[in-house]
Amino acid sequence: MKNRSLLMALAALGVASIGAVRAADQPIEIQVVDAMNKVFGTHPGFRANHAKGVVVEGSFTASPEAASLSRAVLFNGSAIPVTVRFSDATGIPDLPDGAPAANPHGMAVKYHLPNGGETDMVTNSLKFFPVATGAEFRDLLLALAASPPDAAKPTPFDKFVASHPAVPAAFGTAATPDSFADDEYYGIDAFVLVNKAGGKQAVRYRMVPEHAVHLDAAEAVKRAPDFLMDELPERLKRGPVTFHLTAQLAAAGDPTKDPTKPWPEDRKMVELGVLTIDKAVANSAEAQKKLIFLPGALTDGIEPSDDPLINVRDGAYAVSFSRRSQ
């Protein structure tokens, strides 16, 4: 994983600053987590965002096409064990699964490599991100915190949205699925695959289900509060769940540093392999406390792009992990 010392330093800062006044000159990663806590509240032992989740296990087997794009060991065609966490949005651990705020849902995958290492992919059900930088994400969260239901119109959030049209456009791409197994998940950041000859190709990942099934908002709020968390373990008792990991290939001129800008749908899609989930973790609540998924936890053959959110997400997740581990 890249620059562990930076992540450890950020994590240490996160612990040291608990209960302290948050200075505007603190690292943006800490400011983002503080803003999440301001919006969602502080819930000891839980993530600052995507607090509610369920952990499952399975394996990933790459396609022959994957090896032509990347020399990464997870694309060598062998069965790679995986740990997967599905989650609801927000830092509220008892949020009903069908609540509008539970969108976008997340799917984080940790690949356990043959050499003992790990590499992660962090995806969610937004087709693209609402803002382009960590500072904008902090400001989005602070605008939400300053806009309670009784706030005067236009609220700070209304004003933020007016100047950031990608916000409503992005959130409009997500809807509540009838199962975590029936949603499509997008890697909003671009990464660079490197093949054995040193050739490089910018990509964005997608986790594509066998069938995508979404509920309308009125139906979703009628479901049981934990219907997504409960349904997946029950489904796995009847058989495995599969996703197709695909890569959308960037063409010349496609931006890689701005996650608010999706690439055109006519860009080539390559199936990298099949991810099979076959088992629910027995004590999911305890298992997920020990897990951290970092978009920038990469392995040889996969490199970060120039997207600044990769580093910000890594740092913010490390700060959140350190705080919930205390």
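Let's start inside. This structure holds 1 cavity of 30 Å³ or more. One caution before I go on: this is a predicted model.

How big is the largest cavity in volume? About 90 Å³. Its lining is made of 14 residues. D120, M121, V122, F191 and Y205 lie nearest its centre. Which element gives the most to that lining? Strand β4 does, with 5 residues. By class, the cavity lining has 8 nonpolar residues, 3 polar ones and 3 charged ones.

Now the largest pocket. There, the space comes to about 1,100 Å³. The pocket is lined by 46 residues, and the closest to its centre are N49, H50, A89, T90 and F137. Find those five on the screen and you have the middle of the pocket.

Which of the elements gives the most? That is α10, with 8 residues.

Let's zoom out to the whole chain. It has 10 helices and 10 strands. Its C-alpha atoms fill a box of roughly 55 × 45 × 40 Å along the principal axes. What about the radius of gyration? A compact globule of 326 residues would be near 20 Å, and this chain has 19 Å, so the two agree.

How much of the chain is buried? The figure is 52% of the 326 residues. The chain exposes about 14,200 Å², and carbon and sulfur atoms supply 58% of that area.

Contacts next. Take those between residues at least 6 apart in sequence. Of these, 75% join residues at least 24 apart. Let me show you two residues with partners from elsewhere in the sequence.

First example: L74. Where does it sit? In the loop between α3 (64-69) and β2. Is L74 buried or exposed? Its relative accessible area is 0%, so L74 is buried. Leave out residues up to four places away in sequence, and L74 touches F60, A62, I80, Y111, L113, T119, M121, T299 and I302. Pick A62 from that list. L74 and A62 are 12 residues apart in sequence, and their C-alpha atoms are 7.1 Å apart.

The relative accessibility of G301 is 3%, so G301 counts as buried. What does G301 touch, again leaving out residues up to four places away? The partners are S70, R71, A72, V192, L193 and V194. Now look at R71. Along the chain, G301 and R71 are 230 residues apart.

To recap, go back to the two spaces. The largest cavity has a volume of about 90 Å³, and the largest pocket has about 1,100 Å³. Thanks, that's my part.

Terms used. Residues numbered from 1 in each chain as written. Predicted model: local features only at pLDDT ≥ 70, side-chain atom pairs only at ≥ 80, totals over all residues. Heavy atoms only, no water. 1 Å grid on protein atoms, 1.4 Å probe; cavity = no way out; pocket = protein on both sides within 12 Å on 5 of 7 lines; lining within 4 Å. Points joined across faces, edges and corners; volume = space filled by probe spheres on them. Helix = DSSP H or I, 4+ residues; strand = E, 2+ residues; numbered from the N terminus. Rg over C-alpha atoms; globule rule 2.2 N^0.38 Å. Buried < 20%, exposed > 50% of the residue type's maximum accessible area, 1.4 Å probe, protein only. Contact = heavy atoms within 4.5 Å. Areas by Shrake-Rupley, 256 points an atom, 1.4 Å probe, with all protein chains shown as cover. Nonpolar A, V, L, I, M, F, W, Y, C, P; charged D, E, K, R; others polar.
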